[in-house]
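Hello,

Here is the structure I promised to pass on to you. Please have it open while you read the notes below.

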Amino acid sequence: MAGRLAGKIAIITGASTGIGSASARLFVSEGAKVIAADIKPPGEELAAAIARHPDQLKAIHLDIRKPEAWAEGLATCESTFGPPGILVNNAGALGTGKPVHEESVEAMLAAFESNVLGMFLGMKTVVPGMIARGGGAIINVSSVWGWSGVANNAAYQTAKGAAVMLSKNAGVTYAPHNIRVNCLLPGYVATPMSRGVTPDEAKMLVAFTPLGRRAEPHEVAPMILFLSSDEASFVAAGNYMVDGGMAAL
């Protein structure tokens, strides 16, 4: 199959639903072979895509917080499709919404495990092979709240900010190896995770978005596709908003 990712092999985390699922399906349509990794079973749209493209798309269980799970996931990718040239660290988790003085140590640590440690382990697992093969592309999904300050939700925002700096560090470190690491910062997107916000929080998020609405996952996936493709051959260590203008306020 021809396409912008023809011949490419990718691992995408948090791929069962939302942005990860939309990205996995778009990648397949552009010729890639994809390991769709998640701790949850495939959602309806991803399951249908797997049924249509079993030779290009495989779902696996992967807890991004565990090094051994990453090792198993990489081995599965290599035995199924071959070594990955693309990694999309999309998996993450919401915080509790609490300010610093009310937040627990446990919740802060959990936010870092889901939003930073998993990203670190993903890169630590795939980068050696990318170096050996002469390059690759890594897209780390943070959040506009890792860039713009908001009240409360200290654990989530701090973890997403750390993800931005981790991406910048990796981007500068691995650029000489032709590994392009970039960070995507979505705004308010209609995903299962975002449905956990209250109605008042949803109104606030829309009010903070100049376009005046939330995005659908298929509106975010094309940026991930671009950053993964050879079209982005000179794009490295950058931060890219898909936020409806939220970060500009």
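This is a predicted model: local features need pLDDT of at least 70, side-chain atom pairs count only at pLDDT 80 or more; totals for chains, interfaces and linings use all residues.

Residues are numbered from 1 along each chain as its sequence is written, and side-chain values use heavy atoms, with hydrogens and water left out.

**Salt bridges**

Glu 45 forms a salt bridge with Arg 25, and their closest N and O atoms are 3.3 Å apart. (A salt bridge here is a side-chain nitrogen of Lys or Arg within 4 Å of a carboxyl oxygen of Asp or Glu.) This pair links distant parts of the chain, with Arg 25 in helix α1 (residues 18–29) and Glu 45 in helix α2 (residues 44–52), 20 residues apart. Helices (H or I, at least four residues) and strands (E, at least two) are DSSP runs, numbered from the N terminus. Arg 25 itself is partly exposed, at 24%.

How many salt bridges does the structure hold? There are 5. Another one of them joins the side chains of Lys 8 and Asp 230, at 2.9 Å from N to O. Lys 8 sits in the segment before β1 and Asp 230 in the loop between α7 (217–228) and β7, so this pair ties together parts that are 222 residues apart in sequence. Lys 8 is partly exposed, with a relative accessible area of 24%, while Asp 230 is exposed, at 52%. Arg 213 and Glu 219 also meet through their side chains, at 2.8 Å from N to O; Arg 213 is partly exposed at 41%, and Glu 219 is partly exposed at 31%.

**The sheet**

Now to the strands. An open sheet of 7 strands runs in the order β3-β2-β1-β4-β5-β6-β7, with parallel pairing; two strands pair if DSSP finds at least two bridges between them. Its edge strands are β3 (57–61) and β7, each of which pairs on one side only. Strand β1 (residues 9–13) pairs with strand β2 (residues 33–38) over 5 bridges, and Ile 12 has Ala 36 in β2 as its bridge partner.

Why is strand β6 (residues 179–186) largely enclosed by the rest of the structure? Because 8 of its 8 residues are buried. Ile 179, Val 181, Cys 183 and Leu 185 point one way from β6, whereas Arg 180, Asn 182, Leu 184 and Pro 186 point the other way.

β6 has a parallel partner in strand β5 (residues 136–141), over 6 bridges, and Leu 184 in β6 is the bridge partner of Val 141. The chain crosses from β5 through helix α5 (residues 154–174) to β6 in a right-handed β-α-β crossover, where right-handed means that, with the strands pointing away from the viewer, the path from the first strand over the helix to the second runs clockwise. β6 also pairs in the parallel sense with strand β7 (residues 239–242), over 4 bridges, and there Pro 186 stands opposite Val 242.

Enjoy exploring the model!

Best wishes

Notes: Buried means under 20% relative accessible area, exposed over 50%, partly exposed in between (1.4 Å probe, protein chains only).
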